[in-house]
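Here are some short notes for a colleague.

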Amino acid sequence: MNRIDTKYCLNKSMLPAILNDIDADYFVLEIQNELLHPYQTTYLDTPDDKMYLAHQNGWLNRHKVRVRKYELSNDKFLEVKFKTNKGRCIKSRIGFQKDKIDFTDEEKKFLNQKMPYHPAGLEPKIKNWFRRITLVNKGFTERVTIDIHPSFKNEKGEILLRNLVIVEIKQKRSAQTSEIKKVLKKNRVRLQRFSKYCIGRALLEGGLKQNRFKSRIMRLQNEFN
């Protein structure tokens, strides 16, 4: 929950070879005999999009608030992610077993402790779906998530990025040795900052300020749509 994250975007056609190259170095998470796990996420923001704009404007200390559902277990969590100016990602969460975004006193207290925005002002902005493979290295010092077929939907529209795979490497220290990083480098897959919340909204809402994401949006539309 307190880590350095690095992300990579690649075409799904590359994934089988990459998985084959790291087969001896990682365990894969299996739940209910499934290796590919469906997730659903609802992202929240203020009415004037303060969290989106903090990312778009390049602020170093920034927050995201979301409700994430693990569809195999039907578990839900209210989560706050805080990206520090040192590049660390700190995630906090509590259980959230309901469909309506209507916070209890306990949930409001949690949000007040973890973010600077008033809970009563938060509203749903976009939904996101994907399927995930989760890997752990043999030394249990690194976790890797591989997200396939990400899709986004809000009142402005919906989009499926059918050819996009998002690889996220989660480590305690950024300098830590990583076998998958070596394989990605060998395959000329470069580090790529990617926020599902911000990119999803930028793809669906042309009126949003999004100059910081312009090159990523063009690549997604050209290569992964």
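**Notes on packing**

1. Tyr 52 is buried, with a relative accessible area of 0%. Phe 213 is buried too, at 1%. Keep in mind that this is a predicted model.

2. The structure holds eight aromatic pairs. Tyr 52 and Phe 213 form an edge-to-face pair, because their ring centres are 5.9 Å apart and their planes stand at 65 degrees. Tyr 52 lies in helix α2 (residues 50-56) and Phe 213 in the loop between α5 and α6, so the pair ties together parts that are 161 residues apart in sequence.

3. The rings of Tyr 70 and Phe 77 are also edge-to-face, because their centres lie 5.8 Å apart with planes at 85 degrees. Both Tyr 70 and Phe 77 are buried.

4. The largest nonpolar core has 21 residues, and Leu 164 and Leu 220 touch the most other members. Two or more residues each come from β10 (164-171), α5 (196-204) and α6 (214-223). The largest share, six residues, is from α5.

5. Leaving aside residues up to four places away in sequence, Leu 220 touches Leu 161, Leu 164, Phe 194, Ile 199, Leu 203 and Asn 225. A second, separate core has 18 residues, among them Ile 22, Ile 148, Ile 169 and Ile 180.

6. The axes of α5 and α6 come within 11 Å and cross at roughly 70 degrees. That makes α5 roughly perpendicular to α6. In this contact, Ile 199, Ala 202 and Leu 203 of α5 meet Arg 216, Ile 217, Leu 220 and Gln 221 of α6. The contact residues divide into five nonpolar, one polar and one charged.

Key
Residues are numbered from 1 along each chain as its sequence is written. This is a predicted model: local features need pLDDT of at least 70, side-chain atom pairs count only at pLDDT 80 or more; totals for chains, interfaces and linings use all residues. Side-chain values use heavy atoms; hydrogens and water are left out. A nonpolar core is a set of buried Ala, Val, Leu, Ile, Met, Phe, Trp, Tyr and Cys residues joined through side-chain atoms within 4.5 Å. Buried means under 20% relative accessible area, exposed over 50%, partly exposed in between (1.4 Å probe, protein chains only). Helices (H or I, at least four residues) and strands (E, at least two) are DSSP runs, numbered from the N terminus. Contact means heavy atoms within 4.5 Å. Axes are lines fitted to C-alpha atoms, for helices over the stretch in contact, and angles run from 0 to 180 degrees between N-to-C directions. Angles under 35 degrees count as roughly parallel, over 145 as roughly antiparallel, 65 to 115 as roughly perpendicular and the rest as oblique. Ala, Val, Leu, Ile, Met, Phe, Trp, Tyr, Cys and Pro count as nonpolar, Asp, Glu, Lys and Arg as charged, and the others, Gly among them, as polar. Rings of Phe, Tyr and Trp (its six-membered ring) pair if their centres lie within 6.5 Å; planes under 30 degrees apart count as stacked, over 60 as edge-to-face and the rest as tilted.
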